[in-house]
Amino acid sequence: MIVNEQVAVDHGLKKDEYAKICELLKRTPNITELGIFSAMWNEHCSYKSSRLHLKKLPTKGKKVIQGPGENAGVIDIEDNDAIVFKIESHNHPSFIEPYQGAATGVGGIMRDVFTMGARPIANLNSIHFGSPQHKKTKNLLRGVVHGIGGYGNCMGVPTIAGQTSFDSSYNGNILVNAMTLGLVKKDKIFYSKAAGLNKPVIYVGSKTGRDGIHGASMASASFDEKIEEKKPTVQVGDPFTEKLLLEACLELMAGDSIIAIQDMGAAGLTSSSIEMASKGNLGIEINLNKVPCREAKMTPYEIMLSESQERMLIVLENGKEEQAKKIFDKWNLDFAVIGKTTKSKKIELYFDEEKVADIPVNTLVENSPMYDRKWKKAKLPKKNKIKKEDIKHLKIIDVLKKILANPNVCSKEWIWQQYDHTVMGDTIQKPGGDAGVVRVHGTDKAIAASVDSSAVYCWAHPLTGGKQVVCESFRNLISVGAKPIAITNCLNFGSPENEENMGEFVECVQGIGEASDYLKFPVVSGNVSFYNQTKEEGIKPTPAIGGVGLIKDYKNMITLDFKEVDNLVLVIGKTEGHIDQSLFARTILDEKNGPPPEVNLFNEKNNGETLLKLIDNNLIKSAHDVSLGGIITAVAKMCIKGKKGININKPKYLINEIEYLFAEDQGRYVIEINKKDFKKVADILNKNAVHFDELGTIIENEVYINDKTKVTIDELSTSNKSWLINYMSK
Amino acid sequence: MKSSVITFPGSNCDRDMDVALKKFGFKNKMVWHADAELPKSDLVVLPGGFSYGDYLRCGSMASKSKIMQSVINFANSGGMVMGICNGFQILVETGLVPGVLLRNKYLEFICKNVFVKINDKKNKYFKNVDNEVFEFHIAHNEGNYFCTNDQLKEIEDNNQIAINYCDENGKIEDQFNPNGSIKNIAGIFNKEKNVLGMMPHPERMIDTSLSGEDGSLFFKNLINNLK
């Protein structure tokens, strides 16, 4: 096939990018080389629109062992233990083929983690769908949930937490973000940097097929009406083979024969070999005839661009091939020496004794395009004034029931019951709480993890929204008694070529950076997914933040269910009555404008750290952060889970009852304490200048508000639990 | 007491079972599926997971694996063999226990706590248990127990039903059946009651921080019965 500008454009490259390739090579690339460039230079692999801005994120900290740039981030959790974790998107494939798209998303992120030597110990996910009324939503949701479960359950890794939302902006572009945490000994972490000359390059895992060719390019473009034609670009997962690959890799890693290891994810053999060579400042020579292929007559182009799953590339010490092969034979996996490291600093490919590609590694990596895209700054919208007559007729209990049954608040049990969340025998906080918690096997330590996003806030004001998501992650970890350590981010946006979308990206990243810097909650890994749009219609900006924290003694973990009648319930943090962009404003008042709640980083940090102090002093019986739906929604969930009621007396405030109960001001938690501890708790809060309200007392079975309205917990529970089950069974 | 846990390539509850058995006093050994010989054991456990991927019927390939011939011989000579979840699926595929396990009625994987009522205590698994009802944990996609009417009659005549899904008071009704199993069957024995297959995972309920502690009661009782 003759390569020309049109062929390059068909590969998703821009005309000037093609010109640059010809200039760098000082010749026209052949079709295999063009394929390699298109795979490395697409948005998904090169981060060409985002790199400039991602550089500004804080990525260092005392507990950070490895920040962005490796397969995953690594943090120190003491005693020579480390946690490897990352979140990644699989949005485009999941929309085209929900089961396989979601399944291979989970498989891909687990590979990123065990590539570094860590055994995966927990999975999480953040999934976003279109309006429940949209004709595709139900099937997409069902397919994605089955796919996530199908892969994670077979791998035997518990799925411990997640987030699901519905918004019409995802009608044509659902989001599927998968996160994995793995446990590794600090001195047994593996990296992807090749080193040494003439070292064997080994291919292990599944055979290479024609699936997923151009997956990464597909993920770097918008959808149009021809989306069905893209089905062949979706990879097909085989979790059993991945389980074998996991065990085989960990067995090999127990020895000392591996120099570098890299999974074949997006852009398959291309990106894995090039990344290893680039990091080691070396060349790699591969004989493509040696690559185990599933199908006959695969061309070099297809072999290099296949995204077949469950494959790894390893640079081994000389002479260790036999020993390594034995392990992969035991696990019934392919093992092939396909090449070697060279000093050429080039990627050189041979096929049928002919050289089919010869590209300097730096042209693919360092010389890849980087764009300073034009972007538009968002204005902070004007505040709405709530008119008394708009809310006068509202009955709090009716509103509360509506909010509890809202698709974005309701119980997601239908989803997480389909995920094995207890395998490995260390899950001590299951889905449905503020964060999932797993013990570090055989120790007193436990790891808490949560994944959050607030697309509506980010859409209303990206800078504030970006900050808010990080704070919410911080709060969710603190609510279970964990000290927040670091985050991973999955940045889901529309087209970077659109100034408004690019502006949303830039400002969300800025907000994330400011909050993570202030809270000492650095970003250690992440992923950017642009072009989440169909034709001109883009998604709401949806940065998802995966937070990880440490609980030193798992017995001190906190849950959100109310524990005991007569205990006191307090609200930590001040309620100003911010209604704009709250669930109440959007669903009850149908008011979609206005600014999101302000984020005060000082208060976030101070309130959170003070709550941790209270937890350390064993003064907290239950805790829950206040988010969507405000104080009353948080309290209702604590009641439902604890099967207890509460007698609420609104504290004396300038704002009215509705504003107090449904406002979404930030930096707040609901806590339960024993009456006899009140003075101690109040002292600590006062000493740290943390505002708190006395909200009420726990009682049996019912919620009373100011002695006049009441509702039973059963009624609230039904509102909360039935929406999703009814929706999916219709 | 010596136990052996068989590890198939896709087993994923083998470690959990190892932890549980050791916690309650068993000297446990892990046995690889490609081995031919079983070590000397008082109890052999087929753990949960996806043995060989289960792309064919669950457990069907595992039932033909090398180690299984030894397990079958061990069971036929009266040895205690317990299959949990995928282990139960393997047991029905070997024919050591009757029936089959279909896909769950609502075609979805289910992971949650359930209650099961002990149907028969005249066996080494449940003898001397104080409880009538256990709270156990299930996590499966194919746990819908099915058998022919003739088989069912035989099973009932021989009192081979081990546990049935029920409510916390032991009431066995359709509404407490999580997967559509015939007669709410959650576990059954072979005729001689030395082989037990069950869907619930007692190994996931062995301390208060986990889903519950009824698994501890089960294992403590089991090791005492074997002594």
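**A walk through two chains**

Hi everyone, let's start with one helix, α26 of chain A, where A:Ile713, A:Leu716, A:Ser719, A:Asn720 and A:Leu724 are buried. Before I go on, please keep in mind that this is a predicted model.

So what covers those buried residues of α26(A)? The cover includes the helices α16 (396-404), α17 (413-416) and α23 (630-642) of chain A. It also includes the strands β24 (645-648), β27 (702-705) and β28 (709-712) of chain A. The helix itself covers residues 713-729, 17 residues in total. From its first C-alpha to its last it reaches 24 Å, close to the 24 Å expected at 1.5 Å a residue. If you follow α26(A) along on your screen, look out for A:Ser722, where the helix bends by about 40°.

Staying in chain A, let's move to a sheet. Six strands make up an open sheet, and their order is β14-β15-β16-β21-β17-β18, with mixed pairing.

Let's zoom in on one pair. Strand β17 (residues 483-492) and strand β21 (residues 542-551) of chain A run antiparallel and are joined by 9 bridges. To find one of these, look for A:Asn492, whose bridge partner in β21(A) is A:Thr542.

Another is α20 (residues 499-518) of chain A, touching β17, β18 and β21 of chain A. The direction of α20 makes about 175° with that of β17(A).

Now for chain B. How many residues of chain B are in contact with chain A? There are 21, and they meet 21 residues of chain A. On the chain B side, α1 (14-23), β6 (110-118) and β7 (133-140) each supply at least two residues. The largest share, 3 residues, comes from β6(B). By type, this side of chain B divides into 9 nonpolar, 7 polar and 5 charged residues.

Inside chain B, have a look at strand β3 (residues 43-46). As a bit of background, side chains in a regular strand alternate between the two faces of the sheet. In β3(B), B:Leu43 and B:Val45 point one way, B:Val44 and B:Leu46 point the other way, and all are buried. Strand β1 (residues 2-7) of chain B runs parallel to β3(B), with 3 bridges joining them; here B:Ser4 has B:Val44 as its bridge partner. Strand β4 (residues 80-84) of chain B is also parallel to β3(B), joined by 4 bridges, and B:Val45 has B:Met82 as its partner there.

My last stop is B:Asn123, in the loop between β6 and β7 of chain B. With 18 other C-beta atoms within 10 Å, B:Asn123 is partly exposed, because being buried would take 20 or more. Leaving out residues up to four places away in sequence, B:Asn123 touches B:Phe189 and B:Lys193. B:Leu196 lies 73 residues from B:Asn123 in sequence, yet their C-alpha atoms are 9.9 Å apart in space.

Note on methods: Residues numbered from 1 in each chain as written. Chains lettered and ligands numbered in written order. Predicted model: local features only at pLDDT ≥ 70, side-chain atom pairs only at ≥ 80, totals over all residues. Pairing = 2+ DSSP bridges. Contact = placed C-beta atoms within 7 Å. Axes fitted to C-alpha atoms, helices over the stretch in contact; angles between N-to-C directions. Nonpolar A, V, L, I, M, F, W, Y, C, P; charged D, E, K, R; others polar. Expected span 1.5 Å × (residues − 1). Bend = angle between axes of the 7 residues up to and from the residue. Buried ≥ 20, exposed ≤ 12 C-beta atoms within 10 Å, placed from the backbone.
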